[in-house]
Amino acid sequence: MLNGRSNTADRPTERPLEEASPRMAPQDPIEFDLDRVDELIAREEAALEPKHAASIAYREVAERTTARGVASSWQDSPPHAVYADHGKGNRLWDIDGNEYIDFHLGYGAMVMGHAHPKIVEALQQQAALGTHFAQPTKHLDAVGQNLSERFGLPLWRFMNSGTETTLEAIRLMRANTGRDMIVKIEGSYHGHHDSIMFSVAPDRSEIGPREHPVTVHQAMGIPQAFADLVRVVPFNDLAEAKRAFDENKGKIAGMIIEPAMMNCGVILPEPGYLQGLKDLCHAEGAYLAYDEVKTGITLTYGGATHAFGVTPDIVCLAKAIGGGTPCGAVGATRELYGPVLRNEYDMAGTFNGNPLTMAASRATLLEVMTPDVYDQLDRIDKAMKDGLTSVIEKHGLPCSVSGMGAKGSVIYSRQPVREYRDAVGIDERISYLAWLFQQNRGVFKSPWTKQETWTISVYHSEDDARRYIDNFEEFAAAVAS
Ligand SMILES: Cc1ncc(COP(=O)(O)O)c(C=O)c1O
């Protein structure tokens, strides 16, 4: 049984997905006609603008004191920022009063759905007892024990964002090895600190040769000295990772990797890749860190660590583990935590282990994201993948669908996408148009850059999948016509 399922009253009657979307004989593949895409973008933007009149007007108010009227640059994607009002379960309402099925879910942090009663209760109880002490509380053992069980790592520390977790993970790998260089995957994002904000979404013109990718700055103001410490390699290629180590003997502290890439569609690791990386890192006296900020507790109960059966030396978690509060956790071996255990390394932060965050985490991990909800997530994931694949085949679109557990995406490429370079040439207008079709038809999605990525919550049903697929079908029919 699901925890707190709701929101069925206003949905159309459920019908089996196969019946709703019969498998048609695949059409001959088409290419996207970009003139047609431009035409449809203009039409969909014109339809969307009046629905967001209040958001567009409020932005002018917010801009008086907040740069560009948004709190984070990534809350501001074209055509305009949409200001949220409230959420419940699988639904989000904006300040214009539009109601959406929420597949954005706060960049995947809200896999437990909005305002889950168990999390609301935990927050209310803790708020009444005090919201911050900068002292440890008795939430630590329950949360730490649950994370150890899920991720197979014995020791944990708690932070306030994914960025803080990768900062500490990289620093711990450096502290333990006395080495400065880090290997990262091209096209992965690990937060906005100076050590690692490189080659996140570099332009094709900047990336250089595949065997020696350029370490491309993702933000202004990061000194070149940081870039010089980062070696970039393609995903799913052990030989290239080995080349990076061979060319930098004794200099690399470790490798940080999203075990399944989540920030340019969903790209899964090929069999043997993660184990090969772990073996390679250890053979070179270096460590392997997983960034499970997006995959942790969303792909499976034990995240990508459990899904792919390879436990790294260190895991970074954030987003979904906090039940919608600012959160982060770093799990690692006793060896990696050695400098902290010996009190030689200050892993500090005023709000680390904040009682509100810890109370929300505790309810999320122990009471909401329990092992049984993953069957439900897998069922909806399958419905999404089957339905979207049928539409793609029916209209002969050059796309594929990829996903696992609560996460998935359509990738607008005919070729299999194994790494960032396979996706870098895809025209962003296509995913923008797909986003506009969803937004105009009651589905809220994360920004559309490159590929569409969705998150499913414990409240999402087959009807919600159906709505997404029906909207995608309208998009497919329009671009294919
Ligand atoms: C894989 C990954 N790592 C790290 C981060 C940074 O997390 P935060 O935005 O909480 O700092 C993100 C954010 O989207 C992410 O997707």
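## Helices α9 and α10

Axes are here lines fitted to C-alpha atoms, for helices over the stretch in contact, and the angle between two of them runs from 0 to 180 degrees between N-to-C directions. In this predicted model, the axes of helix α9, which spans residues 238-246, and helix α10, which spans residues 273-283, come within 10 Å and cross at roughly 15°. Because angles under 35 degrees count as roughly parallel, α9 is roughly parallel to α10.

The crossing in which α9 passes α10 is right-handed. On the α9 side the contact involves L238, A241, K242 and F245, and these meet Y273, G276, L277, L280 and C281 in α10. Sorted by class, the contact of α9 with α10 has 7 nonpolar, 1 polar and 1 charged residues.

Helix α14, covering residues 373-395, packs against α17 at an angle of about 15°, and the axes of the two are 9 Å apart. With that angle, α14 is roughly parallel to α17, and α14 passes α17 in a right-handed crossing. The α14 residues that take part are R379, I380, A383, M384, G387, L388, V391, I392, K394 and H395, which meet E462, A465, Y468, I469, F472, E473, A476, A477 and A480 in α17. By class, the contact of α14 with α17 has 13 nonpolar, 2 polar and 4 charged residues.

Helix α16, residues 428-440, also packs with helix α17, residues 462-480, here at an angle of about 130° and with the axes 9 Å apart. This angle makes α16 oblique to α17, and the crossing in which α16 passes α17 is right-handed. The contact is formed by I430, L433, A434, F437 and Q438 of α16 together with Y468, N471, F472, E474, F475, A478 and V479 of α17. Its make-up by class is 9 nonpolar, 2 polar and 1 charged residues.

## The buried side of helix α3

Which residues of helix α3 are buried? In this helix, which runs over residues 53-63, S55, R59 and A62 are buried. They cover an arc of only 70° around the axis, and therefore lie on the same side of α3. An α-helix has 3.6 residues a turn, so residues three or four places apart point the same way.

W156 belongs to strand β4, which is made up of residues 155-159. W156 has a relative accessible area of 11% and is therefore buried, the cut-off for that class being under 20%. The C-alpha atoms of W156 and A332 are separated by 6.6 Å, although the two residues are 176 residues apart along the chain. When neighbours within four places in sequence are left aside, W156 is in contact with G144, L147, S148, F151, V315, L317, A329, V330, G331 and Y337.

G296 is located in the loop between β8, residues 287-291, and α11, residues 303-308. With a relative accessible area of 0%, G296 is likewise buried. A separation of 8.7 Å is found between the C-alpha atoms of G296 and F151, which are 145 residues apart along the chain. Beyond its neighbours within four places in sequence, G296 is in contact with F151, G303, L317 and A320.

Where does the chain contain a cis peptide bond? The bond from P78 to P79 is cis, with omega near 10°, and P79 is found in the loop between α3 and β1, the latter comprising residues 84-88.

Positive phi values occur at Y107 and A115, neither of which is a glycine. For Y107, phi is near 55°, and this residue is placed in helix α4, residues 105-108. Y107 counts as partly exposed, at 28% relative accessibility. For A115, phi is about 55°, and its place is in the loop between α4 and α5, where α5 covers residues 117-129. A115 also counts as partly exposed, at 37% relative accessibility.

How values were computed. Residues are numbered from 1 along each chain as its sequence is written. This is a predicted model: local features need pLDDT of at least 70, side-chain atom pairs count only at pLDDT 80 or more; totals for chains, interfaces and linings use all residues. Side-chain values use heavy atoms; hydrogens and water are left out. Helices (H or I, at least four residues) and strands (E, at least two) are DSSP runs, numbered from the N terminus. Angles under 35 degrees count as roughly parallel, over 145 as roughly antiparallel, 65 to 115 as roughly perpendicular and the rest as oblique. A crossing is left-handed if the near helix is turned anticlockwise from the far one by less than a right angle, and right-handed if clockwise. Contact means heavy atoms within 4.5 Å. Ala, Val, Leu, Ile, Met, Phe, Trp, Tyr, Cys and Pro count as nonpolar, Asp, Glu, Lys and Arg as charged, and the others, Gly among them, as polar. Buried means under 20% relative accessible area, exposed over 50%, partly exposed in between (1.4 Å probe, protein chains only). The arc is that of the directions from the helix axis to the C-beta atoms.
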